[in-house]
Amino acid sequence: MLLTVYDKNGTMKASLSPDDNSTQVKAIQSDNVLTLSFTLYEYVALEVNDHVDFCGERYWLQERYLPCARSTPEWKYDATFYGIGRLAHRSLLLHA
């Protein structure tokens with residue numbers, strides 16, 4: 001499966017193929033979480049509000065993520081994206 005990461009303006013940042021370690025967790029009265037493990041052959045910094053669409057839902061990055069250099073041409077990522085519930089919760093806390 002090929003996923004695309006977009007920046008906060010909707011511009012494509014990277015296309016990726018998640019590793020087998022990637023997970024999606026959905027629970028009632030809890031955050032929907034998409035954890036993606038993948039390798040890219042170029043450095044891409046993931047910023048706050050970058051997003052991925054997966055199975056009809058959008059997941060956002062809540063903190064800046066910097067990859068680890070695996071070897072000269074490879075960068076290893078283990079980024080966690082959160083569903084709309086976490087985004088709404090963060091907004092409520094900021095405006096309280």
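Which residues have the most contacts inside the largest nonpolar core? In this predicted model, select Leu36, Leu46 and Phe81, which have the most contacts inside that core of 18 residues. Next, colour the strands that give two or more residues to the core, namely E1 (3-6), E2 (12-16), E4 (33-40), E5 (51-54), E6 (57-61) and E8 (74-82); of these, E4 gives the most, with four residues.

Now centre the view on Leu36 and show what surrounds it: leaving aside residues up to four places away in sequence, Leu36 touches Leu3, Leu16, Pro18, Ser22, Val52, Tyr77, Asp78, Ala79 and Phe81.

From there, turn to the aromatic rings, where the count comes to three aromatic pairs. Select Tyr43 and Trp75, an edge-to-face pair with 5.0 Å centre to centre and 70 degrees between the planes. Because Tyr43 lies in the loop between E4 and E5 while Trp75 belongs to strand E8, this pair ties together parts that are 32 residues apart in sequence. Tyr43 is partly exposed, with a relative accessible area of 42%, and Trp75 is also partly exposed, at 22%.

Then select Tyr65 and Tyr77, whose ring centres are 5.9 Å apart and whose planes stand at 35 degrees, so the pair is tilted. Tyr65 sits in the loop between E6 and strand E7 (68-71) and Tyr77 in strand E8, 12 residues apart, and both residues are buried.

Finally, select the cysteines Cys55, which is exposed with a relative accessible area of 60%, and Cys68, which is partly exposed at 49%; the structure holds zero disulfides.

Conventions. Residues are numbered from 1 along each chain as its sequence is written. This is a predicted model: local features need pLDDT of at least 70, side-chain atom pairs count only at pLDDT 80 or more; totals for chains, interfaces and linings use all residues. Side-chain values use heavy atoms; hydrogens and water are left out. A nonpolar core is a set of buried Ala, Val, Leu, Ile, Met, Phe, Trp, Tyr and Cys residues joined through side-chain atoms within 4.5 Å. Buried means under 20% relative accessible area, exposed over 50%, partly exposed in between (1.4 Å probe, protein chains only). Contact means heavy atoms within 4.5 Å. A disulfide is a pair of cysteine sulfur atoms within 2.5 Å. Rings of Phe, Tyr and Trp (its six-membered ring) pair if their centres lie within 6.5 Å; planes under 30 degrees apart count as stacked, over 60 as edge-to-face and the rest as tilted.
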